[in-house]
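Please examine the structure shown here with the following dialogue in mind.

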Amino acid sequence: MSGGLYVVRLGSSERMDRLLRYALEGREVTFLPPDGLSCGLYEARILFAVAVDALGVEESFLRTLRLLRGNGDCLRGSTAAVIVDGSDELYTKSAAQELVLSANMAGCTFLGKPLVEGTGSLYNQHILARRLDLSWEETYFTRARDLVSRLLAYEPLRFDNPRVLMIHASDNKRSNTVWLGRELLARLPENFISREISLQNGTIHDCRGCSYAACLHFAQSDTCFYGGAISQEVLPAIRDCDAMLFLCPNYNDAVSANIMALFNRMTNLLVQQELTDKYLFGVVVSGYSGSDLVARQLMGALCFNKTVTLPAQFCMMETAHDPGSAKQLGGVETRLDRFAAHMTSILQK
Ligand SMILES: Cc1cc2nc3c(=O)[nH]c(=O)nc-3n(C[C@H](O)[C@H](O)[C@H](O)COP(=O)(O)O)c2cc1C
């Protein structure tokens with residue numbers, strides 16, 4: 001593949017035309033029709049430029065999802081970012097999440113904070129616009145241009161002794177997710193340094209939503225309004241790791257409350273440093289269905305919002321209901337072997 005940038009446009013809008021002209025100025029760019037992905041796009045830098053209207057995504061978007069899902073690892077080795085332009089206040093984020101998960105499963109890495117979105121009103125730009133002293137549209141376009149620069153400059157990190165932090169919220173000795181997670185850690189090479197942290201029930205306060213200044217003030221003393229285990233143990237462990245492995249049972253088609261509270265409390269770390277130098281992995285188990293929803297939530301919170309890098313095929317998803325039943329799933333040992341080898345290939349220098 002060439003050293004330039006591939007742009008895949010899904011849907012169109014007049015504002016997206018202007019944004020792309022601004023963001024891509026001076027770049028070597030190849031525009032690909034959506035169906036162009038069917039032959040595979042390997043080791044490339046890809047910008048997905050999606051326009052949604054008041055009714056949501058259009059047909060080329062849906063065709064692309066099906067193509068990504070039906071063509072194995074057709075984006076193997078590629079790295080991507082996304083711009084979504086909306087004509088209304090809805091559907092921008094959900095479109096981005098659905099596209100990113102499908103592209104990730106097709107072998108594509110995503111930068112930490114890979115999404116620039118413009119809602120119809122561009123109100124979602126107002127805080128940064130005030131800080132930069134720009135109009136909302138100028139802020140949106142500037143973000144898009146910065147995203148292109150970050151995408152082209154991205155270099156994957158590898159580690160001599162990768163430090164993997166496994167995080168879960170289970171105290172159930174027969175937890176399916178914890179069994180899978182421990183089996184993965186046991187399969188990693190000896191030079192990996194792994195650590196397990198459990199967020200036990202009852203010790204976690206959700207984020208209080210302090211002002212940015214108050215959060216930063218607390219963070220500079222390595223604490224937050226609530227302090228406790230999250231401030232003293234969990235956030236420092238995240239700061240010190242190279243990769244996080246989140247174990248997420250499906251609770252009502254979402255991550256459990258303690259995991260969600262941790263996502264929210266991670267703002268306290270983010271006010272001090274970005275987390276782009278860390279990779280995100282996940283294990284999701286559903287009793288019936290819906291693992292993709294939970295994986296999207298994990299990816300949205302940590303990669304879109306909290307700047308963690310999303311490696312290709314970041315998540316292992318299984319379906320197992322009864323306590324302890326994951327170990328009886330047909331082929332699970334092979335899938336564990338493969339996922340641990342995959343983690344190793346991403347992290348190992
Ligand atoms: C409170 C609660 C809510 C759940 N909600 C769902 C659900 O919405 N969909 C689903 O497929 N499974 C659901 N389950 C089943 C779990 O996802 C499943 O049992 C999983 O294996 C649990 O993983 P664990 O053993 O690591 O806790 C739910 C379980 C609990 C306890």
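The dialogue below concerns a predicted model.

Student: How many helices and strands does the protein chain have?
Tutor: The model is a predicted one. In the protein chain, the secondary structure comes to 12 helices and 10 strands.

Student: Why does the radius of gyration of the protein chain agree with that of a compact globule?
Tutor: The C-alpha trace spans about 55 × 50 × 40 Å along its principal axes. For 349 residues, a compact globule would have a radius of gyration near 20 Å, and the two values agree because the protein chain has 20 Å.

Student: What share of the contacts with a separation of 6 or more joins residues 24 or more positions apart?
Tutor: Of the 349 residues in the protein chain, 42% are buried. Among contacts with a separation of 6 or more, those between residues 24 or more positions apart account for 84%.

Student: In what order do the strands of the open sheet containing β1 stand?
Tutor: This open sheet has five strands, and the pairing is parallel. β2 (29-32) and β5 each have a single partner strand, so they stand at the edges, and one side of each is left without a neighbour in the sheet. Neighbouring strands are turned by 20° against each other on average, direction ignored. The order is β2-β1-β3-β4-β5.

Student: Which residue of β4 stands opposite R45?
Tutor: Strand β3, residues 45-52, runs parallel to β4, and eight bridges join them. Opposite R45 in this pairing stands T79.

Student: At what angle does helix α5 run to β5?
Tutor: Two helices can be described against this sheet. Helix α1, residues 14-23, lies across β3, β4 and β5 and runs at about 140° to β4. Helix α5, residues 136-153, lies across β1 (5-10), β3, β4 and β5, and its angle to β5 is about 165°.

Student: Is Y91 buried or exposed?
Tutor: Y91 is placed in the loop between β4 (79-86) and α3 (92-105). Y91 is not a glycine, yet its phi is positive, at about 80°. Since 20 or more other C-beta atoms within 10 Å are needed for the class, and Y91 has 20, Y91 is buried.

Student: How many other C-beta atoms lie within 10 Å of K113?
Tutor: K113 is in strand β5, residues 109-118. K113 also has a positive phi, about 55°, although it is not a glycine. K113 is buried, and the count of other C-beta atoms within 10 Å is 21.

Student: Which residue of β7 stands opposite R163?
Tutor: Strand β6, residues 163-168, pairs with β7 in the parallel sense over six bridges. In β7, the residue opposite R163 is I193.

Student: Which element gives the largest share of the shell around the ligand?
Tutor: The ligand is surrounded by 20 residues, of which the closest are T177, P249, S286, G287 and Y288. Two elements give two or more residues to this shell, namely α6 (176-187) and β9 (279-286). The largest share is three residues, and it comes from α6.

Note on methods
Residues are numbered from 1 along each chain as its sequence is written. This is a predicted model: local features need pLDDT of at least 70, side-chain atom pairs count only at pLDDT 80 or more; totals for chains, interfaces and linings use all residues. Helices (H or I, at least four residues) and strands (E, at least two) are DSSP runs, numbered from the N terminus. The radius of gyration is taken over C-alpha atoms; the globule rule is 2.2 Å times the number of residues to the power 0.38. A residue is buried if 20 or more other C-beta atoms lie within 10 Å of its own, exposed if 12 or fewer, and partly exposed in between; C-beta atoms are placed from the backbone. Two residues are in contact if their C-beta atoms, placed from the backbone, lie within 7 Å. A residue is near a molecule or strand if its C-beta atom, placed from the backbone, lies within 6 Å of it. Two strands pair if DSSP finds at least two bridges between them. Axes are lines fitted to C-alpha atoms, for helices over the stretch in contact, and angles run from 0 to 180 degrees between N-to-C directions.
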